[in-house]
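Student: May we go through the strand pairing and the surface of this model together?

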Amino acid sequence: MTRISCEVARDLLPLYCDDVCSQESRILIEEHLKNCSDCDDLLKKMKMECSASTEQEMHDEEFVKAMASGWKKSVKNGFVKGVVATLILCLCLVGGYWGLTRWILTSVPSANIQANVVSVTDEHVKIILEATDGKKVLTNAMVVEDSGKLYLLEKRGVIATQTGDGENWAATYTLPKIQKTEDGENIHIKEIYYGTENDNILIWSE
């Protein structure tokens, strides 16, 4: 059988170690290794390095898979958190807008109110109040003083919204000339104002 030198054997050992050499080369290498301890030791060293390299590659692959899995979870969690944060922000904005337009009220300035006396009888005074800025009025308040002064006040949200029909808001009030207090006392109304004691316009007086 043909013998090969150590130089040739060592050139073929990497192929032999990786199991990619031809059958003829395998036979020649194995025959050479039987009689050459140096080449046999070199092969063992190559196999150890190859095994270590394979383990490192497997470790690297597992690390990459773990990183990819963690990244996917992070992206998913980040997406869910982003959606939840967006929903909370939207709810806060909607709630805040609703509160400023519906719950937190402010009085309509007297400069934006036009008052007209429609009729006066022995028992009632009929009045129309119109908000001249085209914005909605949500509610009203009335204060009666012992002196016979009655104050009307219209209220709307801090952020006032338009009426939507292109017309001014208006309301009609039929006010008794005799107003009863919470204590059951009768007060004869002598003057009717829109606004407060410090900021008002006179609507009617006897």
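Tutor: Y151 stands opposite Y193 in β9. This is a predicted model, in which local features need pLDDT of at least 70, side-chain atom pairs count only at pLDDT 80 or more, and totals for chains, interfaces and linings use all residues. Residues are numbered from 1 along each chain as its sequence is written, and side-chain values use heavy atoms, with hydrogens and water left out.

Student: In which sense do β5 and β9 run, parallel or antiparallel?

Tutor: Strands are DSSP runs of E of at least two residues, numbered from the N terminus, and two of them pair if DSSP finds at least two bridges between them. Strand β9 covers residues 191–195, and four bridges join β5 to β9. Their sense is parallel.

Student: Which residue of β5 is the bridge partner of N140?

Tutor: Strands β4 and β5 run antiparallel and are joined by six bridges. They form a hairpin with four residues between them, and G148 in the turn has a positive phi of about 95°. The partner of N140 in β5 is E154.

Student: Why is β5 described as largely enclosed by the rest of the structure?

Tutor: A residue is buried when its relative accessible area is under 20%, exposed when over 50%, and partly exposed in between (1.4 Å probe, protein chains only). Strand β5 is largely enclosed because its buried residues number seven of the nine.

Student: Is D146 buried or exposed?

Tutor: D146 lies in the loop between β4 (139–144) and β5 (149–157). Its relative accessibility is 67%, so D146 counts as exposed.
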